[in-house]
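Subject: The two-chain model, and what turned up in it

Hi there,

Here is the structure I promised to pass on. Have a look at it first, and then read on for my notes.

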Amino acid sequence: MDPSDTLTATFTELQGYLQAEQQLREDIRFAVRDIEQTTREIQKVLQAIHQPQGLNKIPLACENSRKLFKDVQDQIKILSDKIPANQYYKYHDHWKFAIQRLAFLAALVIFLETEQLIDRQTAADIIGVKVAKEDGFHVDLDDYLMGLLQLASELSRLAVNAVIAGDYARPLQISSFLGELESGFRLLNLKNDALRKRFDALKYDVKKVEEVVYDLSIRGLKPSTET
Amino acid sequence: MAGVNKEKRPEERTKQFKKVNDNKTKVVVDENSAIIKIFRGFQGELDAKHDKHERLVKISRDVTIDSKRTIFLLHRHRDGSDREGNDEILNDAKDKIKEIQNIRFLAMAEELEGEDPYQFMRAISPGMQEYIEAISFYYYLKHGQLISLKEIQKDLVFSKTGEDGQNQTLTLNVPPIEYLLGLADLTGELMRLAINSVGAGNLETPYKICEFLQIVYDAFNSYGNTLKDLNRKMGTLRQSLRKVENACYTLHVRGSEIPKHMLADVFMASGDDKYAEDVE
């Protein structure tokens, strides 16, 4: 056969492949857009905790956001069905930020409800993904950790707003939680990547909360239940 | 005051943390150890992932070096001429390529066993592209044709005896994108081959290569903006193509006038002055 014919055939075949891939990318983008939409709604619901009367609304906000998380689970299912086996990381960039945000929101809900750090399994269950990549569409460890770092920023803000609302116990609780979280992160050997950069910002959140605690203690506003 | 806070707190915290770890009976706060325990697990997982990444980068770098050497070796080949040693060069190159496959890529396939191949693509991609460049260059010299993705993939299936004595097959997956990017690199080598082959008195090869490059260029152009990495390589590809086209033009117009042995000098000069850039 003429070499140039085989050449053209090869490139036509590759073009077919590229087009199929591009189509898939578009489908993924579509599915991710839906997820992002719901994520914004959850975020809006949870923003209520920062308002003056917000602290009383915490149970309600958590309940409402959990309802929305149900929608997220369905949308994640739609997305995960589109991804061919073993190609999670090929398209990872498309949903990375959405999953990080969802991990953050799930962590926030769990913290508000139980004052505990969300573990990976719980986070995965709330979002509707798996923990291990062998089991299918999963939450990448980096993304989960990213979510925790976003949680730290949100909590440092909550500490300030709690004081405004007259809740002086919460900053202390947040402070010790962030302290724990920071020492946890210090255990990790992070590479010089996005996660490391985001981790570098954690100290400012910790500092902010420490300042709030300091302000409370010098004014004798610290609740005496502390041992 | 803030400064004091900042400096002292972390120390206290690590001390406290150490205490928790040293005598587990004296766990002060329950949730305290829970967080640390969670992160201990992450530590192992992250380290394992980073280590694997580093090992793959290392293998990939070795593949790159070996492939580059193979390409240099292949450039000593004089296409079309009866020069002695041509077969030897091809055989040597084949041995080298086999070696890359059986040592480097086998190691790579073992590292990637059970992993999502795309998770570590950034680590292995440079080596893989260089290898595709080498093997497709070899294939072109040997058969005068473009190696297909299937052909490349075929060489990267390994069988190994597992611990239970069973034969397993390991496949190192070559994504079509890497294949395309490797081909883009190949065009630079072909340009060099076209220029070199005139020096060896071969006046057919430049035309063949010119046609080849034109098809590749057209194909890549038609792919449009789908591939970011490919766009970067398109500029170089265009320059290579221009160079070869100019060479063929010179050959065509002046070929009958100038003695063959001087031809090479003529458009080596004309090519390099106008498009003085390093093509890898």
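Predicted model: local features only at pLDDT ≥ 70, side-chain atom pairs only at ≥ 80, totals over all residues.

**Where the chains meet**

Let me start with chain A and chain B. On the chain A side, 49 residues are in contact with chain B, and 46 residues of chain B take part in return. The area buried between the two chains comes to about 4,400 Å². Carbon and sulfur atoms give 65% of that area.

There is a polar side to this interface too. The count of residue pairs in polar contact between chain A and chain B is 11. Which parts of chain A supply the touching side? Helices α1 (3-47), α5 (141-164), α6 (169-186) and α8 (202-218) of chain A each bring at least two residues to it. Of the contributors, α1(A) gives the most, with 13 residues. If you sort the residues on this side of chain A by type, you get 22 nonpolar, 13 polar and 14 charged.

Salt bridges also cross between the chains: the rule finds three of them at the interface of chain A and chain B.

**Aromatic rings**

Over all chains, the structure holds 13 aromatic pairs. Tyr88(A) and Tyr89(A) make up one of these pairs, in an edge-to-face arrangement with 5.0 Å from centre to centre and 75° between the planes. Are these two tyrosines buried or exposed? Tyr88(A) is buried, and Tyr89(A) is buried as well.

Another pair brings us back to the contact between the chains. The ring centres of Tyr144(A) and Phe42(B) are 5.4 Å apart and the planes stand at 75°, so this pair is edge-to-face. Tyr144(A) sits in helix α5 of chain A and Phe42(B) in helix α2 (residues 30-75) of chain B, which makes it a pair that crosses between chains. Both Tyr144(A) and Phe42(B) are buried. They also belong to a cluster: ring pairs link Tyr144(A) and Phe42(B) with Phe185(A), Phe199(A) and Phe39(B).

**Salt bridges**

A search of the whole structure gives 22 salt bridges over all chains. Here are some to look at.

In chain A, Asp81(A) forms a salt bridge with Lys77(A), with 3.1 Å between the closest N and O atoms. These two are four residues apart in helix α2 (residues 58-82) of chain A, so about one helical turn separates Asp81(A) from Lys77(A). Asp81(A) is exposed, at a relative accessible area of 54%, while Lys77(A) is partly exposed, at 48%.

Glu182(A) and Arg186(A) also meet through their side chains in a salt bridge, at 3.0 Å from N to O. They are four residues apart in helix α6 of chain A, so about one helical turn lies between Glu182(A) and Arg186(A). Glu182(A) is buried, with a relative accessible area of 5%, whereas Arg186(A) is partly exposed, with 46%.

Over in chain B, the side chains of Asp66(B) and Arg104(B) form a salt bridge at 2.9 Å, N to O. Arg104(B), at 25% relative accessibility, counts as partly exposed. Leaving aside neighbours within four places in sequence, Asp66(B) is in contact with Arg104(B) and also with Ile100(B).

Finally, some salt bridges join up into a network. Which residues are linked in it? Lys133(A) is linked there with Lys52(B), Arg55(B), Glu111(B) and Glu115(B).

Happy browsing, and write back with any questions.

Best wishes

Methods:
Residues numbered from 1 in each chain as written. Chains lettered and ligands numbered in written order. Heavy atoms only, no water. Contact = heavy atoms within 4.5 Å. Buried area = accessible area lost by both parts, 1.4 Å probe. Salt bridge = Lys/Arg side-chain N within 4 Å of Asp/Glu carboxyl O. Polar contact = N/O pair within 3.5 Å; in protein donor to acceptor, adjacent residues only side chain to side chain. Nonpolar A, V, L, I, M, F, W, Y, C, P; charged D, E, K, R; others polar. Phe/Tyr/Trp six-rings, centres within 6.5 Å; stacked < 30°, edge-to-face > 60°. Buried < 20%, exposed > 50% of the residue type's maximum accessible area, 1.4 Å probe, protein only.
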